[in-house]
Amino acid sequence: MTSAIRIVVLDGYTLNPGDLHWDPLLSLGHCTIFDRTAPADVITRAIEAGVVLTNKTPLRAETIAALHALRYIGVLATGFDVVDIEAARAMRIPVTNVPAYSTMSVAQLVFAHLFNLTHRIGHHTDAVRAGRWSAAKDFMFSDYPLTEVCGLTMGVVGLGRIGQAVADAALGFGMRVVAAGSNRPLDPPPRVQEVTLNELFAMSDVVTLHCPLTPATRNLVSRDRLALMKPAACLINTSRGALIDEPALADALNARRIAGAGLDVLSVEPPPADHPLLRANNCFITPHVGWATVAARERLLHEAVENVKAFLQGTPRNVVNA
């Protein structure tokens with residue numbers, strides 16, 4: 001089976017823009033790797049493939065049904081909402097993901113956003129470059145209130161691997177940590193207090209999102225939940241953009257009902273030029289880079305190849321639609 005299998009990677013560029021090696025995957029069969037694939041081109045490119053790997057190229061029910069040779073779908077990510085897993089299950093096609101590869105990289109970005117919001121690193125760097133420190137009368141220069149995170153309450157929505165890593169780091173900085181599950185009971189680690197979602201939004205100084213996008217979590221950060229937040233509180237999202245009612249968040253930021261937001265994801269990526277959050281007050285957006293450190297991408301590629309190997313050996317692993 002290995003020698004005959006056709007493998008197609010629909011959108012490999014973000015995983016490997018040229019600094020990693022595809023050789024381990026190429027050794028598994030007849031492999032074609034595309035940097036990007038438009039949805040309209042999926043069937044043409046993958047019509048003979050038994051194995052299809054995708055990161056963000058959607059595989060909907062009608063596409064899966066049209067790929068008559070398809071036997072396996074590998075998602076080059078942890079989240080798998082780009083694949084209709086129920087349609088794949090009905091056709092007995094296993095869908096796998098790669099859990100845990102980016103845990104520390106994403107947790108690192110959470111605190112990069114937090115420290116930017118509390119110390120305004122970008123703002124002060126720009127001020128120095130503009131000559132404002134050189135023109136200052138004192139040895140230091142600051143024109144924005146600075147906040148110490150020790151003693152603040154961080155609310156973690158979703159205590160999976162990333163959520164727990166963020167909680168552990170927050171505790172290390174002397175923060176109080178509360179947590180709520182998005183759609184499942186929690187088994188909180190020591191020193192983490194379990195609360196309801198509404199309680200979390202009301203009591204937290206920082207809310208950080210770490211849950212998958214499902215019908216139950218879409219717009220989890222609603223206009224009503226934003227209204228529960230403290231005026232000095234901040235929201236951080238490194239999970240999925242559609243967890244947030246984005247127009248409602250833009251309104252809350254522009255009306256200064258909350259202090260700020262640090263976002264690595266939006267509901268449409270790349271965002272349209274008129275997206276309401278691109279120019280919202282105190283909204284700092286990074287372009288979905290939390291997962292993309294070299295170390296994380298190396299782990300992702302390795303584990304994706306191991307997933308394919310396991311399938312070819314008849315023992316698929318990391319199956320999300322079993």
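1. Cys-211 is buried, with a relative accessible area of 3%. Buried here is under 20% relative accessible area, exposed is over 50%, and partly exposed is in between, with a 1.4 Å probe and protein chains only. Cys-211 is in no disulfide, and the nearest cysteine sulfur, 18 Å away, belongs to Cys-283.

2. Before going on, a word on what you're looking at. This is a predicted model, where local features need pLDDT of at least 70, side-chain atom pairs count only at pLDDT 80 or more, and totals for chains, interfaces and linings use all residues. Residues are numbered from 1 along each chain as its sequence is written, and side-chain values use heavy atoms, with hydrogens and water left out.

3. Now the backbone. Most peptide bonds are trans, and most residues other than glycine have a negative phi. With that in mind, have a look at the bond joining Glu-269 and Pro-270: it is cis, with omega about -5 degrees. Pro-270 lies in the loop between strand 11 (260–263) and strand 12 (283–285). For the element names, helices (H or I, at least four residues) and strands (E, at least two) are DSSP runs, numbered from the N terminus.

4. You'll find Arg-191 in the loop between strand 7 (176–180) and strand 8 (192–194). Is Arg-191 buried or exposed? Exposed, with a relative accessible area of 65%.

5. Asn-318 also goes on the phi list: the angle is near 55 degrees, positive in a residue other than glycine. Asn-318 is in the segment after helix 11 (294–312), and is partly exposed, with a relative accessible area of 28%.

6. Last stop, Pro-145. This proline is in the loop between helix 6 (121–129) and strand 6 (153–157), and is exposed at 62% relative accessible area. Pro-145 and Pro-94 are 51 residues apart along the chain, and their C-alpha atoms are separated by 52 Å.

Key. A disulfide is a pair of cysteine sulfur atoms within 2.5 Å.
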